[in-house]
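Please read it alongside the sequence and coordinates.

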Amino acid sequence: MFAAYAARIDRDQPLNGLELGERPEPEARPGWTTVNVRAASLNHHDLWTLRGVGISEKALPMILGCDAAGTDENGNEVVIHSVIGQTGHGVGPNEPRSILTERYQGTFAERVSVPTWNVLPKPKELSFEEAACLPTAWLTAYRMLFTNAGVRPGQSVLVQGAGGGVATAAIVLGAAAGLRVFATSRDEAKRKRAVELGAEAAFEPGARLPHRVDAVIETVGAATWSHSVKSLRPGGTLVISGATSGDSPAAAELTRIFFLELKVVGSTMGTKEELADLLSLCATTGVRPLIDSVLPLDRAREGFEKMSTGDLFGKVVLTV
């Protein structure tokens with residue numbers, strides 16, 4: 001079957017390790033389901049895999065891709081929850097949690113096999129392309145906002161780095177939930193787009209906000225860390241799920257964190273139940289993931305190049 005996969009690791013030039021071509025079909029195993037992929041979306045996790053983060057050379061070649069929507073062996077339209085080993089279903093009770101492409105082949109292929117427990121019904125209201133955007137970036141944003149930040153309608157949140165998949169999802173979901181959303185971006189066009197998506201206002205990185213916020217959604221890391229901490233009200237919560245600009249900020253802001261009793265919460269992906277709630281939310285409210293571009297699988301390299309340069313707003317989707 002045709003697939004986009006990591007053939008080798010290159011920490012400095014990750015796309016050098018990306019190959020497109022034939023890979024073996026997934027093997028049938030008890031408790032697992034093979035899904036015929038109709039659409040899959042890119043995440044920064046795929047670039048990190050090509051850099052060797054979370055994977056070793058001995059696991060290669062590895063089909064990339066965490067997210068997908070398609071049809072199961074009975075023709076049912078489904079969405080894949082890509083956290084494997086979360087409950088032991090299909091893998092055994094002692095297997096550590098992982099994301100597709102770390103231990104198991106991913107979704108950038110004609111077919112992918114996952115534990116049956118990881119397969120959810122796709123709401124009929126969502127297209128395959130829309131549903132394929134939800135299981136990583138949108139699920140991450142959902143958990144960051146509503147589980148780990150615990151914000152309520154009427155409260156305020158700052159989303160750093162508008163344009164990325166998680167940040168875009170946080171803006172749309174926050175606005176839909178009645179939050180006052182502020183956003184930042186270095187790019188004027190992305191700031192304008194953030195406001196169009198529901199942000200109350202968008203600013204350049206480091207800018208002073210109209211007031212301190214209840215929570216910050218942080219995926220940028222070192223470049224925005226100090227601004228994130230300084231933007232919080234006393235007792236506020238900073239939720240971090242990524243560090244695309246690096247994980248070693250020049251100033252940790254520890255004094256401000258303890259003096260203002262701020263909370264710093266790490267967040268990774270989400271649960272199957274949260275994904276089910278997110279799918280239901282989108283189906284019933286009309287909220288839809290923002291898609292930057294849709295490309296056929298054989299043009300996956302173009303999608304990776306867009307993501308690596310930051311030349312996108314929303315998700316890049318690959319169709320099979």
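The points below are grouped by topic, beginning with the basis of the values.

The model is predicted: local features need pLDDT of at least 70, side-chain atom pairs count only at pLDDT 80 or more, and totals for chains, interfaces and linings use all residues. Residues are numbered from 1 along each chain as its sequence is written, and side-chain values use heavy atoms, with hydrogens and water left out. Helices (H or I, at least four residues) and strands (E, at least two) are DSSP runs numbered from the N terminus.

**The six-stranded sheet**

- An open sheet of six strands has the order β13-β12-β11-β14-β15-β16 with parallel pairing, where two strands pair if DSSP finds at least two bridges between them.
- The edges are held by β13 (201–203) and β16 (263–266), each of which has a single partner strand, so one side of each is left without a neighbour in the sheet.
- On average, neighbouring strands of this sheet are turned by 20° against each other, direction ignored.
- Strand β11 (residues 156–159) runs parallel to strand β14 (residues 213–218) and is joined to β14 by three bridges; V157 stands opposite A215 in β14.

**Helices on the sheet**

- Helix α3 lies across β11, β14, β15 (232–240) and β16, and runs at about 135° to β15; axes are lines fitted to C-alpha atoms, for helices over the stretch in contact, and angles run from 0 to 180 degrees between N-to-C directions.
- Helix α5 (residues 188–196) also packs on the sheet, where α5 touches β12 (180–184) and β13. The direction of α5 makes about 160° with that of β13.

**Packing of α3 against α4**

- Helix α3 (residues 134–149) packs with helix α4 (residues 165–176) at an angle of about 55°, their axes being 8 Å apart.
- That angle makes α3 oblique to α4; angles under 35 degrees count as roughly parallel, over 145 as roughly antiparallel, 65 to 115 as roughly perpendicular and the rest as oblique.
- The crossing of α3 past α4 is right-handed, meaning that the near helix is turned clockwise from the far one by less than a right angle.
- Contact (heavy atoms within 4.5 Å) involves residues of α3 including W138, Y142 and F146, and residues of α4 including V166, V172 and L173.
- The residues of this contact divide into twelve nonpolar, three polar and no charged. Here Ala, Val, Leu, Ile, Met, Phe, Trp, Tyr, Cys and Pro count as nonpolar, Asp, Glu, Lys and Arg as charged, and the others, Gly among them, as polar.

**Antiparallel strands**

- An open sheet of three strands has the order β2-β1-β4 and antiparallel pairing; its edge strands, β2 (18–22) and β4 (62–63), each pair on one side only.
- Five bridges link strand β1 (residues 2–6) to β2, and F2 stands opposite E22 in β2.
- Strands β5 (residues 69–71) and β6 (residues 77–80) pair in the antiparallel sense over three bridges, with G70 and V78 as bridge partners.
- The hairpin of β5 and β6 has five residues between the strands, and G75 in the turn has a positive phi of about 85°.
- Strand β6 also pairs with strand β10 (residues 119–121) in the antiparallel sense over three bridges, where V79 has L120 as its bridge partner.

**Aromatic pairs**

- The structure holds four aromatic pairs; rings of Phe, Tyr and Trp (its six-membered ring) pair if their centres lie within 6.5 Å, and planes under 30 degrees apart count as stacked, over 60 as edge-to-face and the rest as tilted.
- One of these pairs is the edge-to-face pair of F108 and F304, at 6.1 Å centre to centre and 85° between the planes.
- F108 lies in the loop between β8 (98–99) and β9 (111–115) and F304 in helix α9 (residues 300–309), so the pair ties together parts that are 196 residues apart in sequence.
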